[in-house]
Amino acid sequence: MNDQICASDSATPGPDPVRGPAVGYLDYARIGPLSRPAVAALAATTALAARVDPADLDRLFALGDAAQTSAARLLGARRHEIALAPSTSNGLFTVAAALQGPGTVLVPRDEFPANLYPWLRFADRGGPAVRLVDPAGQRHITPDLLRRHLTPDVVALAVSAVDSLTGHLAPLAALKEVLGPGRLLIVDAIQGLGSVPLEADAADILVSGGQKWLRAGWGAALLLIRDRCAEHLAPGLGGWAGVAEPFAPVHPAPPLPGAAAHLATNPDFPAAAAIGAAIDDLLDRGGPAAAGARIRATLADLLDRARGAGADVLLDGLGPHERAGIGTFRLPGHDPATVHRTLEAAGLVTTRRDEWIRLSPHTSTPGAAADLLAEALHTLTARRTTH
């Protein structure tokens, strides 16, 4: 899925469309710079869209179909269980519009806002009520905690596959076991898809854009709705693209089978081609297991270097398979903004969240990035010691 950086790339001071991201780019949890396959797919599909040949239009639709097929392979799903939404947020709003009340959706209190607002907005529009679950300082919901909140009115749990701050990998299979077959497990997978293996079989509904770990850019997101939960959902945002006979004399026409029933319109075809190419590249390179092994090893090295400089790592007790591609640290006694600026001056691209600095490498991140991090942090600590 990602471009390997050769020795000559290490001298590149900034992003380059041929070489890929700079050596110190550690911010894939925010934005994954486009991979070569995604760039090629976007260029080829945009060229098709620039013409008016009917055969080219057919090819555009075929590329969207191919992306669905690739996504089905990645997620272990039937092809008709996959649709292409414009974004993760749009996909979650689509599901919120489809999930009718009464009942209650559980959402961890520290969830990323994209997985909170859809449920809040539709709670007053005929959807289930929302109950925030306090994870008691852990920032993630455990099966035991879920069991304690599982009252008869609960119809679904909405959770991120990977916490965007701590990198904790949710135990999806264990959570689904607690929920049982009659309640939905709705997963925002954008911080996990393409970075580590996910227990996708456990998800009744899964949504993920391609602009982070898949490195496919914006405009297309995977919307997985398993057949086993279709009866729980009405085609809330389903428009003309989601019905079997859009030009029927009488409306509403019967919905299409599967996830397509929830589509408001056709996908962004260049974006669909890009996410399809990114998924194919991921699978060709060994899939999430191979990518996850390398990403986790690189992240472990980065966090070891941070600890060596005296840093505190958020949720440092996570086991090797409980953390995905994200690790977060702070440097006690140092202003976080100063730490962030120092890293940036050293050529390291990271994200700061209040007192925490978030690291998120990828398969193409070279070992030199850990050296840059260690040098920058030791410069800070040495400066403080000298003063």
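Trainee: How do the residues of the lining of the largest cavity divide into classes?

Mentor: They divide into six nonpolar, three polar and four charged. Ala, Val, Leu, Ile, Met, Phe, Trp, Tyr, Cys and Pro count as nonpolar, Asp, Glu, Lys and Arg as charged, and the others, Gly among them, as polar. Glu111, Arg139, His140, Val159 and Ser160 are the closest to the centre, out of 13 lining residues. By the class rule, Glu and Arg are therefore charged and Val is nonpolar. Please note that this is a predicted model, in which local features need pLDDT of at least 70 and side-chain atom pairs count only at pLDDT 80 or more, while totals for chains, interfaces and linings use all residues. Residues are numbered from 1 along each chain as its sequence is written, and side-chain values use heavy atoms, without hydrogens and water.

Trainee: What makes a set of points a cavity, and what makes it a pocket?

Mentor: On a 1 Å grid over the protein atoms alone, a 1.4 Å probe fits in a cavity but cannot get out, whereas a pocket is an open set with protein on both sides within 12 Å along at least five of seven lines; lining residues have an atom within 4 Å of a point. The largest pocket has a volume of about 320 Å³, volume being the space filled by probe spheres set on the points, which are joined across faces, edges and corners.

Trainee: Which element gives the largest share of the lining of the largest pocket?

Mentor: Helix H2 does, with four residues. The lining has 11 nonpolar, four polar and two charged residues.

Trainee: How do you know that strands S4 and S5 pair?

Mentor: Pairing requires at least two bridges found by DSSP, and five bridges join S4 (residues 154-160) to S5 (residues 184-188), which run parallel. Leucine 157 stands opposite leucine 185 in S5. Strands are DSSP runs (E, at least two residues), as are helices (H or I, at least four), numbered from the N terminus.

Trainee: Why is one side of S1 and of S3 left without a neighbour in the sheet?

Mentor: Seven strands form an open, mixed sheet in the order S1-S7-S6-S5-S4-S2-S3. S1 (82-85) and S3 (129-133) stand at the edges with a single partner strand each, so one side of each has no neighbour in the sheet.
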